[in-house]
Amino acid sequence: MVDNETLTTLEFDKIRNLLAGKTLTKRGRELSLAITPVPNEREINRLLDETTEMTELLRFEEPFPLERIDDIEWILPRLATAGTFLDPSELLKFRDFLSVCGRLRRYVANKTGKYPLLVEYLTAIKPADGVIEAIDSAIDKSGEVKDSASPALRRIRIEKGSTRSKLLSKLENVLRQREPHETRQDDLVTIRDGRYVIPIAEHDFTHQAGVVHDRSKSGATLYVEPLESVELNNRLRQLDADEREEIERILIAIADLARQELPSLNINYEKITEIDLIHARGTLAIDLDAHRPTIVQDARAKLLDAKHPLLLKQAEKKSDVVSLEITIGGKHSVLVVTGPNTGGKTVALKTLGLLILMARSGLHIPASDKSEIGAIHTIFADVGDEQSIELSLSTFSSHLSKIIRAVKKCDSNTLILLDEIGAGTDPKEGAALGEAILAHIVERDALAFVTTHYSALKTLPERYPRIENASLEFDRSTLMPTYRFRTGLPGSSYAIEIAKRLGMPQEIITAAESLTGTQERTLSNLLEKLQEQIDESRETRATLEEENAALDSKLEKLDTRERTLKLREEDLKRKELSEASEIVEDARKKVEQVVRTIRERKADKTVVKAAHDRLREIEKEIVEERKAVEPPHESEPGPLSRGDSVWVETLQTKGELLEYIKNSDSWKVRVGNVISTVKSRFLSRRGENEPAPPLPAGVNYAPYDDTPTQVSVIGMTVEEALSVVDTFLDRVSLSNLESVYILHGKGTGALRRAIKDHLSKHPFVADFRLGYVNEGSSGVTVVYMKRE
């Protein structure tokens, strides 16, 4: 439970307003302004998963077909009353709503496996295509009822047009038959009281002229309906009434059709408003470059690379906002944060509280996806200089009243945020009170993040192991804050240094330094030396990381050189054996020729047999030598057949047998996208998983079957990653692979977006998508290659 005062103090109301600005329905806006932290971790995980699915859908799928929907809140209840109907303009708005329902329902095609939670909402929507067809057949885009809406309406409007033409023609004849008069102007047919009339000067009017319906402002002109046009005017008025009656009948028929679908339409609107809220959460997450934190069961929080969302909205560049790393709970349940004013202590306090509220409300947070939020069900916050005039409370009393409420109600699932604890009263008493409050919080096993200027509170970690010091880094050389959060190290106020920098007279500075206690000065000096050691350690660590990277690079080069030498050695031996095989083949032909000659001359069969035996011995010796340098076959040798996977000796790669050519003892072999004709003696069967022989050094045979199916660019810069991806895709383009995987990780999403933009313009890429959940989700991009 978090009270409204704490929500306002931590500016959660501004997050609600940002979210409401992303909604497209009135009800969705109301839901956005009412979001609140959820106590149930299972429900929080579902809300966060919904937001994750929406962000991935918005980033990687076709545009989401949700549009602004107006006036549906009162249109649907109005249809619930039998006999009511909507006018044409209202029907067009109603049609827009029905159209959105249909598009959302159709949008789920082929997305069930990727976005199961969103699909659950979308499949609950029932299209009303019959109502849309009825509206389209009766109402045009300008909001007028069509002549074709019904045969009766068409007939009425045709007769209206004919009657109006006759009436106008008769009145115009009357005007033409009058003698011209210089005082008479605008001899035009006009309408008064829904009837067609002509102007007649008052001094020319007689009762036999017709019926007066109106007179001009000056009274000089009367608007008269001639007696000969009364019957046509009456008929026209009757046709007007018939038209209105027919239109009302048509509109009621459409409303009756919609009423049959009303239960499902109410469900549709409910689901659309829920989807609108999820859509707003996803849009806000993308806007803030936010990520889903991990929800853990125990009461703790770990924020990595965290930034205050409202600072992100104000900053010209998101990179200008310094990120924070804050861990509270577990070993240390209370953080005492010290340091100078304007150093960022209050911002760090608000960032911690606000991001916890956001995460537990189902919103992604502007922090690393490695961040963790635990079971913190209650938050109390006391920030700022507030006075209560109504209750006649001073600043100190106002703060104290909030702290009293917090310490009375806190438990193991409570986080208390106190800005400048004990301020507003005597420093010694304030420090003593602050220590007692923190000791009570530790005893209640609650969490607390407090800021203070009291040096006495910096020593609490020595007596309370659950309390830890923290500070925000301050550059003493420039007297400017760096806003980097440091745990385990207290900060200094630097009041005297800042005063000196701003021009305070030296004698005052000297007096202030002498008045500062020896213990205080010693502590400040120790902190300064510790900071220098930390900076040196940071530089040393960076240097060691660079040296390690250089050593890793050298080791990799040595490994590559060793593998190359081994491949070259085996290649040379294989070439020698290949040449030996050719010699044996040539020798076989010669021996067969000799044997043929001997047989023709009827030579001794024993001599022929001995020659054959010797030839087989030579072949066996060569085969044994080849086995020593070539990997063993997975499958037993046997006759070749269509569909077999074979090794093509002449091409030094694998292929698939397509068709046997008997006359030449050859096979048509598919190698990648190329079909070649190869002699049978240069083909050998191989198992599907059997590795190919090592390639000769310095030669690229464009392998087809052993091309890697994935490449990792995690941890690389965008420039490095794109270079690796290009090299990988060049190699894959020579293979027969249909799809490959690029592993880029989730991170901030910058590398993923750069790869997406690059792939959209790559000549070898037909299509690509984000990985499914079992493939690595948004940390993997699946690429489909173009096929010749």
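1. Contact, as the word is used in this note, means heavy atoms within 4.5 Å. The structure is a predicted model, in which local features need pLDDT of at least 70 and side-chain atom pairs count only at pLDDT 80 or more, whereas totals for chains, interfaces and linings use all residues. Residues are numbered from 1 along each chain as its sequence is written, and side-chain values use heavy atoms, with hydrogens and water left out. Helices (H or I, at least four residues) and strands (E, at least two) are DSSP runs, numbered from the N terminus.

2. A reader new to the model might begin with helix H6 (residues 88–107). The 20 residues of H6 should span 28 Å at 1.5 Å a residue, and the end C-alpha atoms are 28 Å apart, which agrees; the expected span of a helix is 1.5 Å times one less than its number of residues. Buried residues (under 20% relative accessible area, with exposed over 50% and partly exposed in between, for a 1.4 Å probe and protein chains only) of H6 include Pro88, Leu91, Phe94, Phe97, Cys101 and Tyr107. Among the elements that cover the buried residues of H6 are H4, H5, helix H7 (116–122), helix H8 (129–138), helix H10 (230–260) and H11.

3. Which aromatic contacts does a search of the whole structure find? It finds 5 aromatic pairs, where rings of Phe, Tyr and Trp (its six-membered ring) pair if their centres lie within 6.5 Å, and planes under 30 degrees apart count as stacked, over 60 as edge-to-face and the rest as tilted. Phe64 and Tyr107 make an edge-to-face pair, with 5.3 Å from centre to centre and 85 degrees between the planes. This pair links distant parts of the chain, since Phe64 is in the loop between helix H4 (41–60) and helix H5 (72–79) while Tyr107 is in H6, 43 residues apart. Both Phe64 and Tyr107 are buried.

4. The rings of Phe449 and Phe485 have centres 6.0 Å apart and planes at 25 degrees, so this pair is stacked. Phe449 belongs to strand S12 (residues 447–452) and Phe485 to strand S14 (residues 480–487), so the pair ties together parts that are 36 residues apart in sequence. Phe449 and Phe485 are both buried. Elsewhere, Phe94, Phe97 and Tyr269 form one aromatic cluster.

5. Charges over rings deserve a separate point; a charge sits over a ring if NZ of Lys or CZ of Arg is within 6 Å of the ring centre and within 35 degrees of the ring normal. Lys111 lies over the face of Tyr107, at 4.3 Å from the ring centre, and Arg192 lies over the face of Tyr223, at 4.2 Å from the ring centre.

6. Helix H11 (residues 262–288) has 27 residues and reaches 39 Å from its first C-alpha to its last, close to the 39 Å expected at 1.5 Å a residue. Just after H11, Asp289 takes a positive phi of about 55 degrees.

7. Two strands pair if DSSP finds at least two bridges between them. An open sheet of 4 strands has the order S5-S9-S6-S7, with mixed pairing. Strand S5 (294–295) and strand S7 (324–328) stand at the edges, each with a single partner strand, so one side of each is left without a neighbour in the sheet. Strand S6 (residues 301–306) and strand S9 (residues 372–373) run antiparallel and are joined by 2 bridges, with Ala301 opposite Ile373 in S9.

8. Another open sheet has 6 strands in the order S10-S11-S12-S8-S13-S14, again with mixed pairing. Its edge strands are strand S10 (378–382) and S14, each of which pairs on one side only. Strand S8 (residues 334–338) runs parallel to S12, and 5 bridges join them; here Val337 stands opposite Thr451 in S12.

9. Helix H13 (residues 345–359) lies across S6, S7 and S9, running at about 110 degrees to S6. H13 also lies across strands including S8, S10 and S12, at about 160 degrees to S12. Helix H15 (residues 427–443) lies across S8, S11, S12 and S13, running at about 155 degrees to S8.

Terms used
Axes are lines fitted to C-alpha atoms, for helices over the stretch in contact, and angles run from 0 to 180 degrees between N-to-C directions.
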